[in-house]
Amino acid sequence: MTTTTPVRPSPEVPRLPDGTRVGLLRRARDAVLTPRTAIVGICAVVVGYLAIVPLYYLLWGTFFDEHGFTLKGFGEAFGKGSLAGPMLLNSIEFALGSAVFALVLGAALAWVQVRTDAPLKGLFFAASLVPLIIPAMLYAIAWIFLADPHTGVINRVFGTQVLNVFSMPGMIWVQGLHLSPIAFLLMVAAFRAMDPSLEEAALMSGASRRATLRRVTAPLLRPAIIASVVLVFVQSMESFEVPAIIGLQAKIYVFTSRIYNVLQIYPIDYREAGALAVVLLAIAAFAVLLSSWLSRHASRYQTITGKGFRPRPIALGRARPFVGAAVIIYFFVTAVLPVGVLLWASLLPYYQAPSGKAVSSITLHNYSTVLHMPLALTAFRNSVLLGLGAATGVMFLTAVVAWLIVRTRVPGRRVLDVLASTPLVIPGLVMGLAVLFVYLRSPLPIYGTLWILLISYATRYLPYGMRYSVTAMAQMNNELEESALVCGASWWQSFRRILMPLMSSGILAGWVYILVVSFRELSSTVLLYSPGKEVLSVLLWEQFNNGNFTVVAAIGVLMVVTLMLLVGIAYRVGLRFGAGTDS
């Protein structure tokens, strides 16, 4: 017997009148085609383009040729007879040694700064700012003047070879000193956030200071230690200035200097350079992922709770004068000596150690040469244009994208945040090579112009702009923005007249940082510039290769002064702008 189940009639869908349906479609279209959608959409596309396209072209140009998939570049870079083995060991030794040295120095100084009653604490932050302002290239050149085995000031003063800068320990010394302020600033924040009562409890329980340091302090500082080591390690792996200026003269090759050498040999083998760049990118990405994995249980080391605490400084007692002397020595070595020797060299017709004869030959001829050098004026103008353009473009782009990420629930917005952070693990030289891959194959007439440098800078410093913008946007409640919209203001008006002024402190901080680092950028620039499109860092590089060391020192002094003036002007403008928005 067959049972038939009655079929229920489907409910009739109400049909809208044609006029109503057309009106709804028109309103939906108008909601999509708004200035807000256009601006946000364009900025999101630009950010995605900057983050994805160069990396895609780099990987495609490395792994594919006209015949399809190939590993020929890796065979040429790492095959028999190559410098792959020593180069890899040198790269790891240089990066790891610099990271450990910077961490030990930065952590010790941070502990003295936060936990003790050491004198002259203001010098710590002065010593941390000066190396960050001085470009790495100038810092390396300054230490050549100081620690050259034959003519270095330090070796001449002591009458023996105290430090040979043209060696692996010399490279680690220069790189570690230059990056130690980064470790210092990270560790200062960690020490200030850590409750010292835990250490006091261990000491009261009978533990020695060494055991307390090993079993209490070090575990609590583990996230900051990992972050410091990984950050300095990655920056040292991607560093071009110290390996190129110091390492090449000592015939010590690392990844960045080897990539540069490959691109200087005609005919240029882009596939071999791409293979080296991909391996360097993989090492940097692995270091960042390892850092994230090691810090996965960071909540275990949280010591700030609802119960307040006030760190009590440790009385140094009789050791206080010695610690004060150590502070002065640190400031002298990291800041005064490098800047002083650059100023000294810039006043000499040829470099020589300080002496009575050298003092009698002091002249301003090098500064006159620089000021009358047409290429110097061109390089200065290009540096200013690129610095201002990169800083302004990146901060505007990231401010709009930060609104999309923080203020909306658009699906995939977090993916955009991840994409914008991708260039963070791409070394500067690799970024320059990736951009080169794109615009050598692109029909757009960008290669050989300043635009290719601007695109490279914008891509390289996009992650830093995102961090500043997202942080500033996340700190603001959306009530003022909603009030403006209710009062009839458009999205662009509320964004420009409410959100941007409220974000001004974060936007200005990111703008100043990108301006400074763009002004001194060399690693990506050295692969992309063309004659007539030089910047100050390239001018320094060319003058150094030509042996004009005193002219290099004069350009360096003017460059440092310019950077300090730009930062000072931006700071004053920011104060005035902020005051204006508060009234």
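**The pocket lining**

Start by selecting seven helices: α5 (122-133), α6 (136-147), α8 (168-193), α11 (222-237), α14 (270-294), α22 (462-474) and α25 (504-520). Each supplies at least two residues to the lining of the largest pocket. Helices here are DSSP runs (H or I, at least four residues; strands are E, at least two), numbered from the N terminus. This is a predicted model, in which local features need pLDDT of at least 70, side-chain atom pairs count only at pLDDT 80 or more, and totals for chains, interfaces and linings use all residues. Residues are numbered from 1 along each chain as its sequence is written, and side-chain values use heavy atoms, with hydrogens and water left out.

Now fill the space between the lining residues. The largest pocket has a volume of about 1,900 Å³. Of its 48 lining residues, select the five closest to the centre: Ile182, Leu231, Gln235, Tyr464 and Tyr513. A pocket is an open set of points on a 1 Å grid over the protein atoms alone, where a 1.4 Å probe fits, with protein on both sides within 12 Å along at least five of seven lines; lining residues have an atom within 4 Å of a point. Grid points are joined across faces, edges and corners, and the volume is the space filled by probe spheres set on the points.

Colour the lining by residue class. It divides into 33 nonpolar, nine polar and six charged residues. Ala, Val, Leu, Ile, Met, Phe, Trp, Tyr, Cys and Pro count as nonpolar; Asp, Glu, Lys and Arg as charged; the others, Gly among them, as polar.

**Aromatic pairs**

Show all Phe, Tyr and Trp rings. The whole structure holds 17 aromatic pairs. Go to Phe74 and Phe78, which form a stacked pair, 6.5 Å centre to centre with 20 degrees between the planes. Rings pair if their centres lie within 6.5 Å (the six-membered ring for Trp); planes under 30 degrees apart count as stacked, over 60 as edge-to-face and the rest as tilted. Both residues sit in helix α3 (residues 72-78), four residues apart, about one turn of the helix. Phe78 is partly exposed, at 30% relative accessibility. The cut-offs: buried is under 20% relative accessible area, exposed over 50%, partly exposed in between (1.4 Å probe, protein chains only).

Next, centre on Tyr464 and Tyr513. Their ring centres are 5.4 Å apart and their planes stand at 50 degrees, so this pair is tilted. The pair links distant parts of the chain: Tyr464 is in helix α22 and Tyr513 in helix α25, 49 residues apart. Tyr464 is partly exposed at 26%. Tyr513 is partly exposed too, at 32%.

Then select Tyr56, Tyr57, Trp60, Phe63, Phe64, Phe69, Phe74 and Phe78. Ring pairs link these residues into a cluster.

**Contacts across the sequence**

Return to α22 and pick Tyr468. Tyr468 is partly exposed, with a relative accessible area of 29%. Draw a C-alpha to C-alpha line to Gly506: 5.6 Å in space, 38 residues in sequence.

Move to Leu290 in helix α14. Leu290 is partly exposed at 35%. Its C-alpha lies 8.7 Å from that of Val230, 60 residues apart in sequence.

Step to Leu185 in helix α8. Leu185 is partly exposed at 37%.

Ile328 is partly exposed at 43%. Ile328 and Lys121 are 207 residues apart in sequence and 9.8 Å apart, C-alpha to C-alpha.

**A helix face and a loop**

Select helix α19 (residues 413-421). Arg413, Leu416, Asp417 and Ala420 are buried there. Look down the axis of α19: the buried residues fall within an arc of 100 degrees, so they line one face of the helix. The arc is that of the directions from the helix axis to the C-beta atoms.

Now find Lys251, in the loop between α12 (241-247) and α13 (255-262). Lys251 has a positive phi of about 60 degrees, although it is not a glycine. Lys251 is exposed, at 69%.

**Cysteines**

Finish with the cysteines. The structure has zero disulfides, a disulfide being a pair of cysteine sulfur atoms within 2.5 Å. Cys43 is buried at 4% relative accessibility, whereas Cys487 is exposed at 73%.
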